[in-house]
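Colleague: I am new to reading models. Could you take me through one, feature by feature?

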Amino acid sequence: MSVPYDDSVGVEVSSDSFWEVGNYKRTVKRIEDGHRLCSDLMNCLHERARIEKAYAQQLTEWARRWKQLVEKGPQYGTVEKAWIAVVSEAERVSELHLEVKASLMNEDFEKIKNWQKEAFHKQMMGGFKETKEAEDGFRKAQKPWAKKLKEVEAAKKAHHAACKEEKLAISREANSKADPSLNPEQLKKLQDKVEKCKQDVLKTKEKYEKALKELDQSTPQYMENMEQVFEQCQQFEEKRLRFFREVMLEVQKHLDLSNVAGYKTIYRDLEQSIKAADAVEDLRWFRANHGPGMAMNWPQFEEWSADLNRTLSRREKKKATDGITLTGINQTGDQSMQNKPSSVSSYEKTQGYPADWSDDESNNPFSSTDANGDSNPFDEDTTSGTEVRVRALYDYEGQEHDELSFQAGDELTKIEDEDEQGWCKGRLDSGQVGLYPANYVEAIQ
């Protein structure tokens, strides 16, 4: 008995199932992807290592620059120490980040590289041995079933064609009955054609059902063979996944500085250094070393001596304090000059004092001519050294007529190198020549 033909039956529905012929290739490709993922992970760690190195270098450069600025700047005492501690933290952290970089490259990177080399074996003709083995295994397991599936598709196509032909024959026969022009012989041929088509439908159906039955019978074995090859691929992939997990845990340990004992020590020491800053202590120190607590050689009568008839150079004059030092005078005052070795000030780094003073007006650099600004003490000096353009780091207001005044950011020309007491000779863009503190400027690169 024939079955009604339906055009929709012949429409193939695409399937993404693993069991479809050729869909095992995704599993095979996963092996190649595993090799690429190893390379990707190595590149990832390599980039992070470069970032760690660059960050460490930036911290070191920042710390070096600011340590010099703080040491040469006007900050003093325990607060200066605290500031230096803040800057020094960067140097210590920089060392830890260099250790992180070394661990990522020397341990984690190399570990992945060695595992990749052991797990994947390249072939002379390209590709990997593991990929070819999986490909061959799947192809062998699928070949018998794929052959029977092809036979089923051919039988189905023949059966559906016979059904279509039968439907056309029946339609022609029905139309002929309403056509009076057809003779009995022609009607008989149409009826025979219908009968023949019905027989073809039955034959193709039988063949189709037989092929489908054989395919169904071979399916369990097909599934078993495919499962076996797939499980081997799963085991290979499991090794890679477990290895990646292990490596990433190692990377986490190397990146997590919070678990490094030295990291905690850095910030514990920093906190102690900052808390040790004492404003009262610094003010007391400044009073004793640069304020009313300093000792003073008050003027007293002394006999004339040829040894005292000595002229101070301009350079010695500029490095003197605002007062005048005399020889042979008894000391009085709150206390003698005693500097605290633990609280060295940047003031001390640049201060110096003359040893003698002369009352000879003709040779005295403090004479009224200079004091009234009628002459420039630099007019007679000759330029020494190479002229260098510098930029002011801080504002400076000249305290004497032969000192320059400028603001932070101003540019000027250094025409004489720093002397032993920390002063340079320079020239403003306006043409004015004078002295200025060397630590108040930096060279323009």
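Modeller: Start with a definition: two residues are in contact when they have heavy atoms within 4.5 Å of each other. Keep in mind that this is a predicted model.

Colleague: How do I read the packing of two helices?

Modeller: Two packed helices are described by the angle between their axes and the distance between the axes. Here, take helix α1 (residues 25-72) and helix α3 (residues 129-177). Their axes are 9 Å apart, and the angle is about 170 degrees. Angles over 145 degrees count as roughly antiparallel, so α1 is roughly antiparallel to α3.

Colleague: Which residues of α1 and α3 meet?

Modeller: From α1, they are K25, T27, V28, I31 and E32. From α3, they are E130, T131, A134, E135 and F138. Sorted by class, this contact has four nonpolar, two polar and four charged residues.

Colleague: Now charges. How do I read a salt bridge?

Modeller: Side chains of opposite charge can pair when their charged atoms come close. In this model, D136 forms a salt bridge with K132. The closest N and O atoms are 2.9 Å apart. Both residues lie in helix α3, four residues apart, which is about one turn of the helix.

Colleague: How many salt bridges does the structure hold?

Modeller: It holds 24.

Colleague: What about strands and sheets?

Modeller: Strands of a sheet pair through backbone hydrogen bonds, either parallel or antiparallel. This structure has an open sheet of five strands, in the order β6-β5-β4-β3-β7, with antiparallel pairing. From one strand to the next, the twist averages 50 degrees.

Colleague: Which strands stand at the edges of the sheet?

Modeller: β6 (433-437) and β7 do. Each has a single partner strand, so one side of each is left without a neighbour in the sheet.

Colleague: Can you walk me through the pairs?

Modeller: Begin with strand β3 (residues 388-392) and strand β4 (residues 411-416), which pair over four bridges. R391 stands opposite E411 in β4. β3 also pairs with strand β7 (residues 441-443), over three bridges. There, A392 stands opposite V441. Next, three bridges join β4 to strand β5 (residues 423-427). K414 has G426 in β5 as its bridge partner.

Colleague: Last one. How do I use a record alongside the model?

Modeller: Compare the annotated stretch with the model. An unreviewed UniProt entry annotates residues 187-218 as a "coiled-coil region". Over residues 187-218 the model is 100% helix and 0% strand. The end C-alpha atoms of that stretch are 47 Å apart.

Notes:
Residues are numbered from 1 along each chain as its sequence is written. This is a predicted model: local features need pLDDT of at least 70, side-chain atom pairs count only at pLDDT 80 or more; totals for chains, interfaces and linings use all residues. Side-chain values use heavy atoms; hydrogens and water are left out. Two strands pair if DSSP finds at least two bridges between them. Helices (H or I, at least four residues) and strands (E, at least two) are DSSP runs, numbered from the N terminus. UniProt positions are given in the numbering used here, feature names are shortened, and annotations may be inferred rather than shown by experiment. Axes are lines fitted to C-alpha atoms, for helices over the stretch in contact, and angles run from 0 to 180 degrees between N-to-C directions. Angles under 35 degrees count as roughly parallel, over 145 as roughly antiparallel, 65 to 115 as roughly perpendicular and the rest as oblique. Ala, Val, Leu, Ile, Met, Phe, Trp, Tyr, Cys and Pro count as nonpolar, Asp, Glu, Lys and Arg as charged, and the others, Gly among them, as polar. A salt bridge is a side-chain nitrogen of Lys or Arg within 4 Å of a carboxyl oxygen of Asp or Glu.
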